[in-house]
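Please look at the structure first.

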Amino acid sequence: KNRAYSAFKFCLCLSDKSWMHTPEALAKHYIPYNAKFLGNTEVEAPKGTEVVKDAVRKLKFQRHIKKSEGQKTPKVELQISIYGVKILDPKTKDVQHNCQLHRISFCADDKTDKRIFTFICKDSESNKHLCYVFDSEKCAEEITLTIGQAFDLAYKKFLESGGKDVETRKQIGTLQKRIQELETENSELKKQLQDLEEQLMIAHEPPAGSISIKPASTDVFDMVPFSPVTPLVPTPASNGCPPPPPTTLPPDIRKDLFGAEPFDPFTCGSADFPPDIQSKLDEMQEGFKMGLTLEGTVFSLDPLDGRC
C-alpha cells in the first residue's frame with residue numbers, strides 16, 4: 001500500500017504541471033543545465049521536506065566555510081535524460097556522478113530562492129541515501145520539472161519493455177547460468193579424457209632403442225582422437241574441382257545464447273546483458289514503484305542563504 005501511495009502521490013504532484021520538453025528530447029538526447037554544485041551529504045530517509053532542509057543547511061554552511069578560505073563553488077553541467085541525471089565537469093565533460101532515475105526518490109526546489117534545488121538519490125554501491133544540492137541561474141523549478149518528466153518517461157518505457165516480462169527475463173537469466181555451468185563441466189570432462197588418452201599412449205610406448213612402426217594413436221574406443229584445433233582437410237569434389245568455400249559465418253557476438261539481442265530495460269537493443277539480471281530488474285522495479293515526489297518548498301530562512 002505504501003508503494004502504491006508513493007507512486008500515486010507522484011502522479012498527483014504532476015497533475016497540475018505542464019512538461020517543459022518533448023518526450024523525444026529526453027528519450028533520444030538529453031537536456032543540459034549549468035549550475036553550481038554545493039555537494040552531497042548522506043540523509044536518513046529517501047523523502048521529506050525536513051530531510052532536504054537539513055541537508056541544504058548543512059551543505060550551505062560547509063560551502064560558506066570553504067568560501068571564506070578562498071575556495072570557489074565548483075560549476076557543473078547537468079545532463080537529464082530517461083537514463084538518469086549526469087553531473088559533469090563543464091570543460092572536460094568528465095562524469096562526476098551518474099544518478100539513475102529509478103534511484104531518485106525526492107526532488108525539490110526552493111520557492112523563496114529560484115536558484116536552489118535538490119534531489120535525493122540512493123547510492124548504487126553503498127545503498128545510502130544521498131542528498132545533492134545545486135545553485136542554478138534562477139531555473140530551479142524548471143530543472144525539478146525536467147527530472148520529473150524524465151522519471152515519468154523512464155517508468156513508462158520500463159513498463160512497456162522490461163517491466164512486462166520480468167519473469168521471462170529471470171528465467172532466461174537462470175537458463176543462461178545453467179548453460180554456462182554445463183559448458184564448464186563439459187570442458188572439465190574433455191580435459192580428463194585427454195589426460196587418460198595421454199596416459200594410455202605413454203603405457204604403450206616401445207622400449208628405448210627398439211624400432212617399431214607406430215600406428216596412428218587412438219583413444220579408448222580405438223578411434224583417432226578428434227582435436228578441435230586441427231583444421232579438417234576438405235575432400236576434393238568428384239569432378240576434380242575444389243569444394244566451395246565454407247558458408248558458415250561467425251556467430252553474431254551481439255546476440256545472446258538464444259539468438260536474441262541482449263536485454264536493455266528501455267530499448268531491448270544492443271546493450272550488454274546485465275551480469276545479474278534478476279537483481280537488476282528487481283532493483284529497478286522497486287525504485288520505480290517507490291515513485292518520485294516533486295515538491296516546491298521553502299528552505300531559505302537563515303542568514304547563510306546568500307549567494308554561494
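Phenylalanine 37 and tyrosine 132 are both buried in this predicted model. Their ring centres lie 6.2 Å apart, with the planes at 15°, so the pair is stacked. Phenylalanine 37 sits in strand β1 and tyrosine 132 in strand β7, so the pair ties together parts that are 95 residues apart in sequence.

A second stacked pair joins phenylalanine 119 and phenylalanine 134: their ring centres are 5.8 Å apart and their planes meet at 25°. Here strand β6 supplies phenylalanine 119 and strand β7 supplies phenylalanine 134, so the parts tied together are 15 residues apart in sequence. Phenylalanine 119 is buried, with a relative accessible area of 0%. Phenylalanine 134 is buried too, and its relative accessible area is 0%.

| Ring pair | Centre distance | Plane angle |
|---|---|---|
| Phe37 and Tyr132 | 6.2 Å | 15° |
| Phe119 and Phe134 | 5.8 Å | 25° |

The structure holds 8 aromatic pairs. Ring pairs link Phe37, Phe117, Phe119, Tyr132 and Phe134 into a cluster.

**Cores**

Which residues touch the most other members of the largest nonpolar core? They are Val85, Phe119, Tyr132 and Phe134, in a core of 37 residues. Helix α4, residues 140-160, gives the largest share of this core, 9 residues. Another core lies apart from it and has 13 residues, including Leu38, Val56, Ile116 and Cys131.

Leaving aside neighbours within four places in sequence, phenylalanine 119 is in contact with Val85, Cys99, Ile104, Phe106 and Cys107, among others. The list also includes Leu130, Cys131, Tyr132, Phe134 and Ile147. In soluble globular proteins, nonpolar side chains tend to be buried together.

**Helix α3**

Helix α3 covers residues 49-68, which makes 20 residues. At 1.5 Å a residue the helix should span 28 Å, and its end C-alpha atoms are 29 Å apart, which agrees. The buried residues of α3 are Thr49, Val51, Val52, Lys53, Ala55, Val56, Leu59, Lys60 and Arg63. An α-helix has 3.6 residues a turn, so residues three or four places apart point the same way. What covers the buried residues of α3? The cover includes strands β1 (31-43), β5 (104-110), β6 (116-122), β7 and β8 (293-297). Glycine 70 follows α3 and has a positive phi, near 95°.

Lysine 93 is not a glycine, yet its phi is positive, about 65°. This lysine 93 is found in the loop between β3 (84-88) and β4 (95-99). Lysine 93 counts as partly exposed, at 42% relative accessibility.

Lysine 138 also has a positive phi, near 55°, in a residue other than glycine. The loop between β7 (129-136) and α4 holds lysine 138. Is lysine 138 buried or exposed? Lysine 138 is exposed, with a relative accessible area of 63%.

**Whole chain**

The secondary structure comes to 6 helices and 8 strands. Along the sequence, the pattern is α-α-β-α-β-β-β-β-β-β-α-α-α-β. Of the 308 residues, 36% count as buried. Among contacts with a separation of 6 or more, 67% come from residues 24 or more positions apart. The accessible surface is about 19,700 Å², and 56% of this surface belongs to carbon and sulfur atoms.

Methods: Residues are numbered from 1 along each chain as its sequence is written. This is a predicted model: local features need pLDDT of at least 70, side-chain atom pairs count only at pLDDT 80 or more; totals for chains, interfaces and linings use all residues. Side-chain values use heavy atoms; hydrogens and water are left out. A nonpolar core is a set of buried Ala, Val, Leu, Ile, Met, Phe, Trp, Tyr and Cys residues joined through side-chain atoms within 4.5 Å. Buried means under 20% relative accessible area, exposed over 50%, partly exposed in between (1.4 Å probe, protein chains only). Helices (H or I, at least four residues) and strands (E, at least two) are DSSP runs, numbered from the N terminus. Contact means heavy atoms within 4.5 Å. The expected span of a helix is 1.5 Å times one less than its number of residues. Accessible areas come from the Shrake-Rupley method with a 1.4 Å probe; for residues, only the protein chains shown count as cover. Rings of Phe, Tyr and Trp (its six-membered ring) pair if their centres lie within 6.5 Å; planes under 30 degrees apart count as stacked, over 60 as edge-to-face and the rest as tilted.
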